[in-house]
Amino acid sequence: MALRQIRIMGDEKLEKVCRPVTEMTPKLKQLVQDMLDTMYDAGGVGLAAPQVGILKRIVVIDVGEERNEPLILVNPVLLEQSGEQTGQEGCLSLPGQAGMVTRPNHVKIRACDENMQEFEMEAEELLARAICHELDHLEGIMYVRHVEGELFEVTEEEEDEEPDTNAGKRRKGRK
Ligand code: ZN
């Protein structure tokens with residue numbers, strides 16, 4: 001297990017547009033694995049490559065409930081979006097804070113998996129929110145740009161009220 005350092009808001013890597021992946025190299029496969037390790041270790045539900053300082057279009061997501069395996073998105077593209085959901089959002093690159101963000105309730109995306117096999121998928125609710133949040137990171141956009149009202153503090157105690165439901169996976173809604 002290899003953890004990478006998560007960049008904090010203000011870091012210039014979080015403000016850049018990421019480059020597409022043209023070939024899945026052993027180095028990038030290692031990056032994907034490290035991103036998963038880093039996301040789980042930090043108790044997040046998603047992580048984008050720029051958050052660990054790599055300007056490539058790679059995202060990992062695990063919102064828990066629906067999937068047993070984490071979602072790995074390489075070069076993801078938003079094809080369709082519909083509906084609205086407004087809810088609390090946070091980010092591993094802005095620890096201890098959260099804000100209310102409106103996102104589409106349903107999205108359809110196209111992406112490649114870690115073997116560069118293209119697929120399409122649809123998602124709703126929390127997973128749709130996570131996908132939108134992570135795709136924004138690939139454009140250099142932090143969620144704070146979408147926040148309605150003020151950011152607010154979320155203390156570790158509050159976050160920890162949610163029981164751990166799965167070995168080693170803490171889900172605090174931070175991405
Ligand atoms: Zn984030």
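Contact means heavy atoms within 4.5 Å. This is a predicted model: local features need pLDDT of at least 70, side-chain atom pairs count only at pLDDT 80 or more, and totals for chains, interfaces and linings use all residues. Residues are numbered from 1 along each chain as its sequence is written, and side-chain values use heavy atoms, without hydrogens and water.

View 1. Helices (H or I, at least four residues) and strands (E, at least two) are DSSP runs, numbered from the N terminus. Buried means under 20% relative accessible area, exposed over 50%, partly exposed in between (1.4 Å probe, protein chains only). Just after α1, Gly-43 takes a positive phi of about 75°.

**View 2. Five strands form an open sheet.** Their order is β1-β2-β3-β6-β7, with antiparallel pairing. The edge strands, β1 and β7 (118-124), each pair on one side only. Two strands pair if DSSP finds at least two bridges between them. Four bridges join β2 to β3. Val-60 stands opposite Ile-72 in β3.

**View 3. Asp-136 sits in helix α2.** This helix covers residues 125-138. Asp-136 is buried, with a relative accessible area of 14%. Asp-136 touches Arg-103, Ile-141 and His-146, not counting residues up to four places away in sequence.

**View 4. Residues 160-171 have pLDDT under 50.** pLDDT is the predictor's confidence in each residue, from 0 to 100. The chain mean is 91. Where pLDDT is low, the predicted coordinates should not be read in detail.
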